[in-house]
Amino acid sequence: MTTIDWDAAADSFDEEPDHGLLDPAIRHAWAQRLESWLPSARSEVLDLGCGTGSLALLVAGQGHRVTAVDRSPRMAEQARAKLAGTGTEVLVGDAGQPPVGKQQFDVILARHMVGLLPDPAAALHRWFALLKPGGRLVLIDGVRGGVGLSAARLARLLAPHTERIHHEPLSGDARLWGREVDDERYALVARAEPAHRHTEVVDVHLILRCGPDVLLARRAGTGYADGLLHAPSGHAEDGEDVREALIREAAEEIGVVLDPDELRVALVMQHRGPGGSPRMGWFFEAEYDPARPPRNAEPDKCSELGWFPLDALPDDMVAYCRVGLEGYRAEERFLIHWHEDGDPIAYAPDGMRRAVPLPVAVAPTGRVHHIELWVPDLAAAEAEWGWLLGELGHTPYQRWAQGRSWRRGESYVVVEQSPDTVGDMHDRLRPGLNHLAFHIRDRATLDALVARAPGHGWRLLFPDRHPYAGGSGRCAAYLANAAGYEVELVAP
């Protein structure tokens, strides 16, 4: 807080060239700057720490209605004399807490004032409260003789209130000061607009499964991606969570009313379309219920519905949706899909792949790393296990002279014909490995695997009790291959 006796300084205050503005060239330079900082329309302006009213006189002369405040009665007295006839109201009071009641202003002007206040942050908070929406704070300040606020520091104080801050250096304009100066002087013009926070549209997508197939809708009449296939989808509305949004969209688009318990999160993907803004997409999986068949409930936005195999999706799809379904099939959980502006909206089979899978944090301790099976005949094992593991979503991983492996996620299964094996058959009834068990997504997938299994070296165990050989509450198939290994396939 300054200790200057401003009443005593009042009589000589205007002798400083940039205070009294007695020189026409200096007065003109300040008038030009003020004209660029203030609105062109007539505005309500509050001049804080007005001194003898030199700047207030210029502002009033440009057609604005001015209220001027200074804590020094003697300064205020001189300001009233200088501003007589302009309609300006001059008040005596603390600039940090202006005595203007609930009145609001289009502009608050303060020159060489913020650095003199005991609590600049609190004063700025009060000043912003006095501004009308969209109003502006014009702060002319600097660091003189090592005393004052730098532009960077003052901008940091303004940051909680606005992101629209214009910085204009003033040190290099000698016309404003009547001489050359080498210290920091500047103007910051801050708009009374709340700090912008990045927002994104949240959209929801339904992966409705019927065994190996998914439901897709062909867009029509929407003005965006018409003619292309897309999963039933839409945007979350104000007040909706993503499940509520998906349930509403499914009812509106395909006439299926889903229960929240039927939905499972399949994938979350942040996406940016060509030339568009980012959005966050939530993909939910649900099972087809024959009692609630989907229908085209929005024929003005959709020309057809159809079932398509997930492992052989059509090419005429919206790229965003195609990438989401491919990520879902690959069991990715989080993706970033960022189009370049020149990319097509439609899926391009030969186009650049933009999807970036994000790894999921998991606790590594205790998870299965791999399972290794010693087999008597590698060629037969490769044919039998390669088919079954491929059907279960595993992909070829390693290949060497005595072995093969297939990977799913971070775990893998190895079959190896080791020279150290004892015997030429596996007996699942002896101590050791009895069988491997794998999840199957549904009964239809289970039945399809069982039907094809004999053609790939696997036979059904316990056929008289299939598919409940494990008990009445457990739907499963038990298969064995020629080498005696057993696999259990468990459906919900």
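Predicted model: local features only at pLDDT ≥ 70, side-chain atom pairs only at ≥ 80, totals over all residues.
Good morning. Helix α4 is followed by Gly 63, whose phi is positive, near 95 degrees.

The buried residues are Ser 54, Leu 55, Ala 56, Leu 58, Val 59 and Ala 60. For orientation, an α-helix has 3.6 residues a turn, so residues three or four places apart point the same way.

Let us turn to a sheet. In what order do its four strands lie? The order is β18-β21-β20-β19. The sheet is open, and its pairing is mixed. In general, strands of a sheet pair through backbone hydrogen bonds, either parallel or antiparallel. At the edges are β18, residues 370–374, and β19, residues 395–400, each of which pairs on one side only. From one strand to the next, the twist averages 20 degrees.

Strand β19 pairs with β20, residues 403–408, in the antiparallel sense, over five bridges. Across this pair, Pro 396 stands opposite Trp 406 in β20.

I come now to a loop residue. Ile 345 is located in the loop between β16 and β17. Its C-alpha atom is separated by 23 Å from that of Leu 358, 13 residues apart along the chain. What does Ile 345 touch, leaving aside its neighbours within four places in sequence? Its contacts are Tyr 224, Ala 225, Pro 274, Val 318 and Ala 319. Ile 345 has a relative accessible area of 30%, and is therefore classed as partly exposed.

Finally, the backbone. Most residues other than glycine have a negative phi, and most peptide bonds are trans. Leu 21, however, has a positive phi, near 55 degrees. Leu 21 sits in the loop between α2 and α3. Is Leu 21 buried or exposed? Leu 21 counts as buried, because its relative accessibility is 3%.

Phe 462 is not a glycine, yet its phi is positive, about 50 degrees. With a relative accessible area of 27%, Phe 462 is partly exposed.

Thank you for your attention.

How values were computed
Residues numbered from 1 in each chain as written. Heavy atoms only, no water. Pairing = 2+ DSSP bridges. Helix = DSSP H or I, 4+ residues; strand = E, 2+ residues; numbered from the N terminus. Axes fitted to C-alpha atoms, helices over the stretch in contact; angles between N-to-C directions. Buried < 20%, exposed > 50% of the residue type's maximum accessible area, 1.4 Å probe, protein only. Contact = heavy atoms within 4.5 Å.
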